[in-house]
Amino acid sequence: MIKRIIFLFIFFISFAYSQNFTISADKNPVSIDETFQLTFTYSGTDINSVSNFQPPKMNDFLILAGPFQSTSMQIINGAMSGSKSFIYTLKAKALGKFKIEPATLSVGNTKITSNTITIEVVKGSPNQKQSTQNNNQPQTNIKDISDNVFIRTIVDKTNVLKGEQITVIYKLYLNVRIAQPQISKLPSFPGFWAEELETPTTINLTRENYNGKLYNVAVLKKVALFPTESGELSITPFEMNIPVYIQKQRRGNSIFDEFFDDPFFSQPEVVNYPVKSNLVKVKVANLPATDITSFKGGIGNFKMSVEVDKKRIKQNDPINLRINISGTGNIKLIDPPDFIIPDGFEKYDPKINESINRSNVVSGKRTYEYLLIPRKFGKYEIPSFDWTYFDLSKRSYVTLTSDPISIDIEKGDGIIAYGSQLNKNEIELLNKDIRFIRISSFNPESNVLIIKSLWYWIIYIVSILGFVILYVFFKKEESLKNDIIQWRYTKSYKNSINKLNKLVKNINKHNKNYIYSGIYDILYEFLQARLKLPASNLNLQTIIEKLKANNFDQTKIDELTNIIQKCELIKFASVNFEQDDINEFISKVKSIINEIYESEL
Amino acid sequence: MMLFKFEKILIFSLLIFNCIAFSNPTKDFEKANQLYKQGNYSEAIIKYEALLNSGIESFDLYYNVGNTYYKLGEIGKSILYYEKAYKLDPTDEDLNFNLSIARNKIIDKIDSVPEFFLYTFFNNIRDNLSLNSWAILTLILFLLSIVFLLNILVFRILKSLKISFLLLVITSIIFTISAFFTGAKVFEYYSKDKAIVIEKIVNVKNSPTAKSSDAFIIHEGLKIRIIEKLEDWYKIKLEDGKTGWIKENSIGII
């Protein structure tokens, strides 16, 4: 039995959560002379079983129209859901705040009640009248504009400490029709560090009751300011040029004028109205004096965490040390903490990463990443270090301390960094020492280059010159030699004949030996010159060869051979020929000489 | 004429004066070597630096300076002077050994872009001999060619014309090749585009200004090539092709 009750209870509760019955008004606060819509909406799964809608008493309002029903349904995955609305058009009767009681509805067998709503009715403004209304109230003129168009600078604090965030919002208040406005001057914030906060990109008008009047309001700009100086600082105004539609003044009161002056027919005038927001002054006080060296400019509320990516590595391998500072406040203006690195470590300039949240309060996280490289092996510790900030809520300095980090550095492969392997040669060279210095003969000459020395090039030049000289000289000699040979060749015939004649003339003066010797010499001289044989190559053999080569008559050659041999015998062997005629012999020699001469070898 | 005692003393003191007043590089060198032997490297380097500043270019000097910087732990400067010595004589065995030991201590391991194989082959031949050796070789071949030419045209020492001509052609070809490599060696000797990093750690920048972002980090001892110069900044290129800007006092030109 109890189980059943519990089950039913849960069952109905689930229904209750899956359905909704609400009241809403399309304008709130509402002006006394305008109409608005009041909507009662039921949403749930069981639309069809909705019945018996009982609206509340709305005696403070005139019901101009309604209820107007509207239904919408949706079927998703076989499940049905939807909403049913009852809409009334109402008009307020009097100024003030009026509560509307809840409405009731039956869904199946269950009765459900809506929420309540309080409508605020305020004084209206002339331009909100509908165009069908006929009234004699004065139209908007220029004097009233300043009341109906203005920009407000809203500051959340005017008394702050240096570095404390001030949120500034610029809102445009409108009670008139305007065209597209132009920004003429953006505000400046001298003495502040400004961070733009998120503002929706499209202009959304909301209704706001300010100073008893109803306005359409748009947020122009939201800025978070952090003062960097102390004293009295000003936030300069936001200036805009807004084209405002103005109704013309009524001229007369006749029916025709009324007809023609009706807003429906007349063209509105556009006036360019410059709007300037209020100047805001802020008092900035200095932070209380401190000599804490670990204060690095942070003001707000922060947390710090420190980590290393490896706690055990080899010599010369890199370690990344990350210091994370996160929180709200002037996160963009802080400096990192100072810390000591162990002996033998190299520290490189940090990489800074940050992510900032700019909703209403500036907050975020900044990470300082340091690259460390240990050059020596052993057990080391990065000692704990401090970072101090000024806590705004506590109004005092707070120091955050990191934990010490111990790191184990193992002996590396010796010299190599960044994980590359040693090859065999390099391993052999490890721990070997260099060879000794040179202490023997030292040549202090500035130039050891041979090609810079003169004598190197002189040898080249000399050898070329020498070659040329020798060549020329040799050629000349050759030609000279040839000349001599030629000369001798020409002169030899005459010479020889003359010499023979001389011999004949003096035949009686000399002995046989002398004569035959003479003939022999003359003949050889002639043959050498005429046959152009070198002295070293002058013998019977070569003479015969040369004559043969020139197709000289063989019989004549034989005869010449006889002559020469005879002379030789007498000259060298002193053979005695008794019965010979020298003259005859000489004429034989002459004829041979002639033959050779004539054959022009 | 006989030198009197007074004149003897005068001459002797003049000689002494000469020895003291005019510095003798050989003596300074020996003094520096002595300091090195004693292990007093910091004093030795002062004396060596003085010799370097006087403009002396000497293999022995560069080699010893390289050794001293190595002992002082300045690997960058050590390699720089070893490279200077290498330029003068690439075949020296001690130098090559010490250079490989020093290079072992370079922190950066750069993968070099593979070269065109002919280029490497050509460089191997070129570096096989020092510049002086190439110069002498070229000279000898030249003289031989002249001799063979003479033989053909002037004197006939060798009887066969064919052999003479063949010898002449061979010698001329080898001479031309040798001259070519000598030229290549000269070009390499005078090119000032190679340098060694001498600062322990350098942040090489993307543009020639200290405020520029970092391109990469290199360490002392690394050999780099200079591409451009702008005021006191050099644009450098690593063996793997990376480029960046570095201040001139962070490197030493070989």
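**Exercise 1. Find which residues lie nearest the centre of the largest pocket, and how many line it.**

Step 1. The lining counts 46 residues. B:R103, B:E115, B:K194, B:K223 and B:E239 lie nearest the centre. A pocket here is an open set of points on a 1 Å grid over the protein atoms alone, where a 1.4 Å probe fits, with protein on both sides within 12 Å along at least five of seven lines; lining residues have an atom within 4 Å of a point.

Step 2. Know the model. It is predicted: local features need pLDDT of at least 70, side-chain atom pairs count only at pLDDT 80 or more, and totals for chains, interfaces and linings use all residues. Residues are numbered from 1 along each chain as its sequence is written, chains are lettered from A in the order in which they are written, and side-chain values use heavy atoms, without hydrogens and water.

Step 3. Sort the lining by type. It divides into 16 nonpolar, twelve polar and 18 charged residues. Asp, Glu, Lys and Arg count as charged; Ala, Val, Leu, Ile, Met, Phe, Trp, Tyr, Cys and Pro as nonpolar; the others, Gly among them, as polar.

Step 4. Find the main contributor. α7(B) gives the largest share, six residues. Helices are DSSP runs of H or I, at least four residues; strands are runs of E, at least two.

**Exercise 2. Work out the strand order of the open three-stranded sheet in chain A.**

Step 1. The order is β12-β21-β18, with mixed pairing. Strands pair if DSSP finds at least two bridges between them.

Step 2. Take one pair. β18(A) and β21(A) run antiparallel over five bridges. In β21(A), A:V282 is the bridge partner of A:L233.
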